[in-house]
Amino acid sequence: MSRVFIVALLACSMACGSKKDDPTKSNLAAFQSGEPVKFETLQGFLPDDGYLTREGWHKSDLTGMALTVPIRGAQASVTLRKDNAEVVVDIIDTVFNQSLYAPVAAFLAEGFEAKDAKGYKRSITIQNQPAFEEWTSADRTAGLTVLVGKRYLVHLQATGLPSTDGVKAIASQINMAKLADLK
């Protein structure tokens with residue numbers, strides 16, 4: 001399950017509270033004016049088995065879920081393993097709910113870059129979609145988050161890779177133009 005999705009869900013759950021007169025409930029409903037796509041459809045966008053096999057990756061933990069309360073959304077995930085490396089790939093349908101991608105919005109701004117002795121975070125573009133990559137050299141973790149069509153979050157989190165190149169290569173196998181057109 002995606003860390004981004006879970007954190008957003010918990011934040012929303014806490015913000016929505018349980019009071020009947022809570023104004024954030026109506027605000028939340030206004031954010032979401034559509035139905036999420038089926039998680040099975042999202043699973044079809046995960047990296048292709050042929051590519052993964054050619055590159056030596058082993059696929060496990062294929063999961064998916066749909067949520068209706070307190071927020072609507074869907075998610076498909078897969079874990080990939082190769083030697084000592086592991087990559088978790090998540091595709092999340094936010095149904096245009098900005099609260100789900102607000103935590104990453106600042107990093108998506110063109111020209112964003114933060115660097116220190118431990119690693120970096122910077123905005124990039126993947127398949128014409130705004131994205132940001134992050135790298136921590138001490139523990140060799142790489143992350144890539146792409147906002148596709150202002151609706152879908154594609155998030156890859158890796159350990160045991162020598163750079164962010166591996167997550168970008170795996171992300172290149174996701175047809176983001178087709179995903180952006182998915183309604």
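Modeller: Helices (H or I, at least four residues) and strands (E, at least two) are DSSP runs numbered from the N terminus. This is a predicted model, in which local features need pLDDT of at least 70 and side-chain atom pairs pLDDT 80 or more, while totals for chains, interfaces and linings use all residues. Residues are numbered from 1 along each chain as its sequence is written, and side-chain values use heavy atoms, leaving out hydrogens and water.

Colleague: With which side chain does the side chain of S77 make a polar contact?

Modeller: S77 lies in strand β2, residues 73-82, and is buried (under 20% relative accessible area, 1.4 Å probe, protein chains only), its own relative accessible area being 4%. At 2.3 Å, its side chain makes a polar contact (N or O atoms within 3.5 Å, one able to donate a hydrogen and the other to accept it), and the partner is the side chain of D90.

Colleague: How many residues does the largest nonpolar core have?

Modeller: A nonpolar core joins buried Ala, Val, Leu, Ile, Met, Phe, Trp, Tyr and Cys residues through side-chain atoms within 4.5 Å. Among the residues with the most contacts inside the largest one are L42, V87 and L144. The number of residues in this core is 37.

Colleague: How many residues does the second, separate core have?

Modeller: V104, F132, L147 and L153 are included in this core. Its number of residues is seven.

Colleague: Which helix gives the largest share of the lining of the largest pocket?

Modeller: A pocket is an open set of points on a 1 Å grid over the protein atoms alone, where a 1.4 Å probe fits, with protein on both sides within 12 Å along at least five of seven lines, and lining residues have an atom within 4 Å of a point. The lining here includes Y51, W57, K82 and D83. The largest share, three residues, comes from helix α6.

Terms used
Buried < 20%, exposed > 50% of the residue type's maximum accessible area, 1.4 Å probe, protein only.
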